[in-house]
Amino acid sequence: MQVKKAEFICSNTRVDKLPEPKIPEYAFIGRSNVGKSSLINAMVNKKGLAKTSQKPGKTQLINHFIINDDWYLVDLPGYGFAKTSKSNRSEWEKFIRRYLTRRENLQCVFVLVDSRLEPQKIDLEFCCWLGECGIPFMLVFTKSDKQSAVKSDVNIAKFRKALLEWFEEVPPHFLTSAEYKTGCEDILAVIDDINGRFVIPEIDTLP
Ligand code: GTP
Ligand code: MG
């Protein structure tokens, strides 16, 4: 898929204030600083569309971008940011989990994992929670430019193996670099494929 247009729509904490769920939606999630916002910018070829920072905790809200007037890409705040206070963290838990479990048009969550690290408990637990909720997800290993392909492959294999303790099958994965736009086309191809099968969800209008 070619990205011809990418625009910021809105930032929110409330699910009832999000744009109408009439087009397919994809969310990027993962630990603070893993590279969610950077990869979004690389995918849509627009530096600065999603705000990035060297310091963890930059993205604080649910940020909607509309791509090709056809689908939403969502940048979420990261989890596991040690400097965030406990109450702040539970707020994160609440509004992100509410978003992930209630958003009718959410087609797939891309869970970003740092390809340089051995499997981290927080990432594995998050994947398990998605599985328990029946939320479809795929794995995106980031920052592949920062170490050798062999090291990335070892960490990916370990992560997949760890997930197999909970899942019968592990979802597809991508190895990416926002720096070199590695893997971006592959993710866009998967999104294009899912978009082709999208049916507008029936919205529950009961209070
Ligand atoms: P939060 O919004 O705080 O949760 O972080 P984030 O996951 O959105 O990370 P962000 O995209 O802001 O990137 C964090 C830092 O990692 C920035 O300094 C980026 O330049 C750097 N970074 C992200 N992706 C890559 C990559 O693929 N390669 C390299 N070398 N650096 C990257
Ligand atoms: Mg961010």
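Trainee: How far is an oxygen atom of ligand 1 from a polar backbone atom of Ser-53?
Mentor: This is a predicted model, where local features need pLDDT of at least 70, side-chain atom pairs count only at pLDDT 80 or more, and totals for chains, interfaces and linings use all residues; side-chain values use heavy atoms, without hydrogens and water. Residues are numbered from 1 along each chain as its sequence is written, while chains are lettered from A and ligands numbered from 1 in the order in which they are written. From the Ser-53 backbone atom to the ligand 1 oxygen is 3.0 Å.

Trainee: Which residue has a polar side-chain atom 2.5 Å from an oxygen atom of ligand 1?
Mentor: Ser-37 has a polar side-chain atom 2.9 Å from a ligand 1 oxygen. The residue at 2.5 Å is Ser-38.

Trainee: What share of ligand 1 does the protein bury?
Mentor: Taken alone, ligand 1 exposes 650 Å² (Shrake-Rupley method, 1.4 Å probe). Of that area, the protein buries 89%.

Trainee: Is Ser-37 buried or exposed?
Mentor: Ser-37 sits in helix H1, residues 36-44. Its relative accessible area is 8%. Buried means under 20%, exposed over 50%, partly exposed in between (1.4 Å probe, protein chains only). So Ser-37 is buried.

Trainee: What is the bridge partner of Ile-66 in E4?
Mentor: Strands E3 and E4 run antiparallel, joined by five bridges. In E4, the partner of Ile-66 is Tyr-72.

Technical notes
Pairing = 2+ DSSP bridges. Helix = DSSP H or I, 4+ residues; strand = E, 2+ residues; numbered from the N terminus. Polar contact = N/O pair within 3.5 Å; in protein donor to acceptor, adjacent residues only side chain to side chain.
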